[in-house]
Amino acid sequence: MRTKQTEQQAWNTYWQQHQTSNSFCCDYTENEGPYGVVSRHWLACFETFDTSDIVCDLGAGNGALAKLFIDSRKKLNCKQWLSTDIALTRLDFTHQKVEARQMNAEQMELIDQKIDVFVSMFGIEYADLKKVFAEVNRNLSPTGRYQFLLHHQDSVITKQSRVTVNVGQRILDNAFWQTLSNLNTLSFTELKHLLLQQLNIQMQKASFDEQEDVKIIGHSIFSLVQSSQSTHQVIMGLTEIVEQIKQQNSRLIAQINAAIQTQELSQLLEKSPLSCYKLSTLMYNHAILGWSVIGKK
Ligand SMILES: C[S@@+](CC[C@H](N)C(=O)[O-])C[C@H]1O[C@@H](n2cnc3c(N)ncnc32)[C@H](O)[C@@H]1O
């Protein structure tokens, strides 16, 4: 329960601090590489919409999918697009057909509104899929469809999450980073020296895969030291960086757990009231990006 609350708090903060970009800080304008594959996957889905359709995005974050939809065409071929998430989100664009709502995908509050198309991009698997599928079925119009992209246990995203979580956890478990206020007695130069030492220790502990993540943290600490004038200022900044690592780990652990849940995806779909589905993996070169689920009521 406590973990769920921490996770939701981490998402609330993330979506308040980041703009339209999705949870990977990408706004889908990329046409190359894995983002290009994801982008084309959704553009093909948008083609299937009808002007009378009510579309509902589940676990939509700051509406990256709605933004891709809007940017991809002059006239939106739907009646309405509901961008929903359990977290407090902040869409930085407006469109008369797009509405943001705070909503739990496990307990949808769509009143009498029937949905023609449910979509979700790395969203529903953060909730209990059994409950979500029952809710999708309950709220779909008789001719309703759904298209979901979900995390996969062996995807490049999940693999990277595991690496980043390990690096973050090592820092969070380290006494030095837990007792930053003790450093207040140090001079600015002494503190700089100590931080360099700590970063070196982290770099030595890092496996080959982890080095990039340590470098990213090292870079933020380096920029902080460069832009600070006092020990106090650096300690404040470091405390903020540690908090960001905590929040990031919370989101990434949620991502890994979401991917673990999808190991049962095939059985969950079979047992669900939803029928007629196509389950496949979305690939970039030989790497798995996620599960693709397409179906209708
Ligand atoms: C990885 S983010 C995906 C956001 C967005 N689809 C994107 O691609 O940018 C996962 C989202 O699922 C949301 N989420 C988690 N549990 C949920 C639930 N029970 N109902 C609705 N949204 C949920 C989180 O708040 C988070 O914003």
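Helices (H or I, at least four residues) and strands (E, at least two) are DSSP runs, numbered from the N terminus. The model on display is predicted: local features need pLDDT of at least 70, side-chain atom pairs count only at pLDDT 80 or more, and totals for chains, interfaces and linings use all residues. Residues are numbered from 1 along each chain as its sequence is written, and side-chain values use heavy atoms, with hydrogens and water left out.

Select strand S6, residues 275–284, and locate Lys278 within it. Lys278 is exposed, at 54% relative accessibility (exposed means over 50% relative accessible area, buried under 20%, partly exposed in between; 1.4 Å probe, protein chains only). Leaving aside residues up to four places away in sequence, Lys278 touches Ser292, Val293 and Ile294 (contact means heavy atoms within 4.5 Å).

Next, select the ligand. It is surrounded by 19 residues, the closest being Trp15, Gly59, Asp85, Asn104 and Met121 (a residue is near if one of its heavy atoms lies within 4 Å). A side-chain N or O atom of Trp15 lies 2.7 Å from a ligand oxygen. Polar backbone atoms of Gly59 and of Ala105 each lie 2.8 Å from a ligand nitrogen. The protein buries 96% of the 590 Å² that the ligand exposes when taken alone (Shrake-Rupley method, 1.4 Å probe).

Finally, select Cys45 and Cys56. Cys45 is buried, at 2% relative accessibility, and Cys56 is buried at 0%. For each, the closest cysteine sulfur belongs to Cys78: 11 Å from Cys45, too far for a bond, and 12 Å from Cys56, likewise too far. The whole structure contains zero disulfides (pairs of cysteine sulfur atoms within 2.5 Å).

Key
Polar contact = N/O pair within 3.5 Å; in protein donor to acceptor, adjacent residues only side chain to side chain.
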